[in-house]
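Q: Please take a close look at one part of this structure for me. I am new to it, so go step by step through the aromatic pairs.

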Amino acid sequence: MDGKLGAPRTMADMVGVSKSFGGVRAVREVDFSLRPGEVHALLGENGAGKSTLMKILSGEVGGYRGEIRIDGRPVHLTSPSDAQRAGIAMIHQELDLVPALSIAENVYLGREPRTRLGTVDMARMVSDTARLLTRTGVTLDPRRPVEQLRTGEQQLVTIAKALSLDARILIMDEPTSALSTHEVEQLFGVIAELRRAGTSIVYISHRMDEIGRVADRATVLRNGSVVAEFDARAMTATEASEAMVGRPLHLMFRAGSDDAEEPASAHGELLRVENLALRLRQPRSGRRDPAGISLRVRRGEIVGLAGLLGAGRTELLETLFGVGSKGHWDGRVLLDGKPIRPRSPRQAIKLGIAFVPEDRRIAGLALEHSVLANTVLSVVERIARLGTVSRATERSVTRSTVERLGVKLASLTSPVGSLSGGNQQKVVLGRNLLTEPALLLLDEPTRGVDVGAKAEIYRLLGQAAAQGVGVLLASSEPAELIGVCDRVIVLSGGRNVAELNTAEVTEAELLAATMNNGANGTDSAASQPELATGETP
Ligand SMILES: Nc1ncnc2c1ncn2[C@@H]1O[C@H](COP(=O)(O)OP(=O)(O)OP(=O)(O)O)[C@@H](O)[C@H]1O
Ligand SMILES: [Mg+2]
């Protein structure tokens, strides 16, 4: 019992917990405790052991050493259902929904409500799911198959699913990585409500600005060990980041904006999109303006795309890469002055376009194959042109990519699936940069990536731009858009509704432009005359 007078009661304690995978010591002698009604942030670089520690607490990873106590009593959790019975639920970093099933079926998978006749009570499942979704702030038809949903929407469904479990201990592993500001606010509302009801929450995130707002305490892991504990409200992002990486850190966005005035000839127009009418997955009602997206990207320019869920950012990037609509769209796209209409990624790649999608699973990562195989896959054609590709070349290309991005791995032949979430993301980005594209399309490229690696990714993007690559970057983080991009275009309902010069706007102004033009808006562009619309000539 730990009910000593004065000492705060704990809901869960992990004492001296360790876990190895083969030779990799993922978690080392960790002490971690959770008080009732607290939000406890768990911080650390990619591969620090956060997910592993929490998968131990949720019964998914066994074979650990050390002790776990719930309400002061030692427990041995050997499966997720064990943990569920103990009141523990986890929202996973990797979305783990069944694509072909409906939202409601996913939420109640394996514990479907029954009618008195013993059949599945579909009506109740649908109405209960609708209520849960409303709590998370989305309106989605619970009968829609999950495969039709955007990554952010899927993330909200997994949150709804966790809420349906009524857990006393709720673990959230990067719940906001695919959410935009509006949805994050809604989630914070839900967290505050749960906290008041006495639920203990573990909150894992790489978005440092969230921690001070949402958490009470923060524990920092480095290489599997606890290295610091903070009062989350008093902690600064710098303090926390330095504890994470173990050295002073300078979080830089782009290396200097010294290249403000280059000869226009070297930086001509690379991409022009004219009235591109997207097929939004969630058709907007009240659509009356058929006009689509118009924008331009110059060589060496990084153009940001802001917008809420469903604004069309992902659809735009996918269309340009020949995914989804496979060339069936209205409007014109010119690359280097020539009209293009890619019908497949293969064609897009041939045209010099590279794409980093928001969902790693569709990024073509073969999880069971090695980091080496996954990396060289993208460049085999290019290096093969110079003759046959030797094993040695493959290894050296991969090794330098992995080193540049600081991918943490046991060996180049480790399966990609054994890497931590953030490290998988770095592999996706690295191999796209290797293809040396003319146009680089990025959808939330730093999703789940730690602060140190973010800085490195920003540096690499700046470098690519300096070499003349045109970049189109969709992001939900205002700080990232302002810090990295030259201009930001705000999308809403499949149209560009505003354009902001990042040298002149603040994060708050960018946010306001995004929200005003998107919040539940079906017809908002018309009501925003004060914002510059269209694009620069
Ligand atoms: N199933 C597994 N097999 C082999 N190694 C694993 C496995 N799961 C995790 N690891 C290793 O354990 C270490 C910790 O990984 P973990 O996923 O816990 O990191 P993390 O802190 O959650 O990182 P991220 O921020 O990237 O999500 C990493 O080195 C990872 O490669
Ligand atoms: Mg993780």
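A: What follows is a walk through the aromatic pairs. This is a predicted model, where local features need pLDDT of at least 70, side-chain atom pairs count only at pLDDT 80 or more, and totals for chains, interfaces and linings use all residues. Residues are numbered from 1 along each chain as its sequence is written, chains are lettered from A and ligands numbered from 1 in the order in which they are written, and side-chain values use heavy atoms, leaving out hydrogens and water.

The structure has two aromatic pairs. Rings of Phe, Tyr and Trp (its six-membered ring) pair if their centres lie within 6.5 Å; planes under 30 degrees apart are stacked, over 60 edge-to-face, and the rest tilted.

Take Phe188 and Tyr203. Their ring centres are 6.4 Å apart and their planes stand at 70 degrees, so this pair is edge-to-face. Phe188 belongs to helix H6 (residues 181-196) and Tyr203 to strand S8 (residues 200-204), so the pair ties together parts 15 residues apart in sequence. Helices (H or I, at least four residues) and strands (E, at least two) are DSSP runs, numbered from the N terminus. Phe188 is buried, at 10% relative accessible area. Tyr203 is buried too, at 0%. Buried means under 20% relative accessible area, exposed over 50%, partly exposed in between (1.4 Å probe, protein chains only).

Now Phe321 and Phe355. Their ring centres lie 5.2 Å apart with planes at 50 degrees, so this pair is tilted. It links distant parts of the chain, 34 residues apart: Phe321 is in the loop between helix H9 (313-320) and S14, and Phe355 is in strand S16 (residues 353-356). Phe321 is buried, at 10%. Phe355 is buried, at 8%.
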